[in-house]
Amino acid sequence: MTSRQLISVAGLAALALVAAASLTLAWRSTADDIAINERNFRLRALNEIVPPARYDNDLFDDTTTALDPELLGTGEPVTVYRARRDGQPVAVIFRVVAPRGYSGAIELLVGINFDGSVAGVRVSEHRETAGLGDQIEGGESDWIFGFTGRSLANPPEPGWAVQKDGGVFDQFTGATITPRAVVKAVRNALLYFSANRDELFAQDSPAAS
């Protein structure tokens with residue numbers, strides 16, 4: 001190989017290294033942006049349930065996990081975000097799965113105040129029918145906001161059902177299965193919290209352990 005060919009090969013190799021480095025930097029920058037956007041999106045969702053004026057800690061640094069396939073609707077551990085003010089417990093927010101929606105599992109974010117009342121509920125993922133089951137979304141109707149302030153005593157146990165089943169919660173015309181699944185999932189979340197409240201707030205955060 002001539003010296004001119006060697007120079008040409010070396011030049012191409014250098015260009016390849018520069019291109020690879022540029023792609024790596026671009027990927028890292030994009031990945032960081034995606035992570036930041038996902039974190040901000042999640043924080044907005046959490047703050048819809050527990051407004052930031054109610055707590056002064058970092059929700060992402062103060063977490064624990066919960067596992068109860070029967071009451072939380074999933075066999076996987078779920079992250080529990082803990083809100084505190086001046087070190088005192090305010091509320092928790094955790095993911096609950098309603099496994100028997102009309103079109104499959106419905107994922108919810110359920111916030112529960114320290115006193116056992118519902119801080120708020122939001123749907124994070126579902127595959128329910130547009131125009132019927134999707135009324136569980138806050139952007140489609142105000143149905144999901146009806147859980148706020150509820151507790152295991154409000155209503156008493158028989159009332160934790162849709163009206164068709166003798167409860168206090170509205171059902172949707174042509175889509176009773178969907179609200180029935182959500183009502184049950186929220187009640188189960190309250191049952192789990194009632195049985196584990198002190199332990200949830202006492203556990204160390206993984207970030208601190």
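Among contacts between residues at least 6 apart in sequence, 47% link residues at least 24 apart in this protein. The structure is a predicted model, and buried residues account for 39% of its 209 residues.

As for the overall make-up, the protein comes to 3 helices and 5 strands.

The 5 strands form an open sheet, lined up as β1-β2-β3-β4-β5, and the pairing is antiparallel. At the edges sit β1 (63-66) and β5 (118-125), each of which pairs on one side only. Neighbouring strands of this sheet are turned against each other by 25 degrees on average, direction ignored.

Strand β4, residues 104-113, runs antiparallel to β5, and 6 bridges join the two. Within this pairing, Val110 stands opposite Val121 in β5.

Then there is helix α3, which covers residues 177-202. Helix α3 lies across β1, β2 (78-85), β3 (88-101), β4 and β5, and its direction makes an angle of about 145 degrees with β3. Put together, the picture is an open antiparallel sheet in the order β1-β2-β3-β4-β5, with α3 lying across its strands.

Note on methods. Residues are numbered from 1 along each chain as its sequence is written. This is a predicted model: local features need pLDDT of at least 70, side-chain atom pairs count only at pLDDT 80 or more; totals for chains, interfaces and linings use all residues. Side-chain values use heavy atoms; hydrogens and water are left out. Two strands pair if DSSP finds at least two bridges between them. Helices (H or I, at least four residues) and strands (E, at least two) are DSSP runs, numbered from the N terminus. Axes are lines fitted to C-alpha atoms, for helices over the stretch in contact, and angles run from 0 to 180 degrees between N-to-C directions. Contact means heavy atoms within 4.5 Å. Buried means under 20% relative accessible area, exposed over 50%, partly exposed in between (1.4 Å probe, protein chains only).
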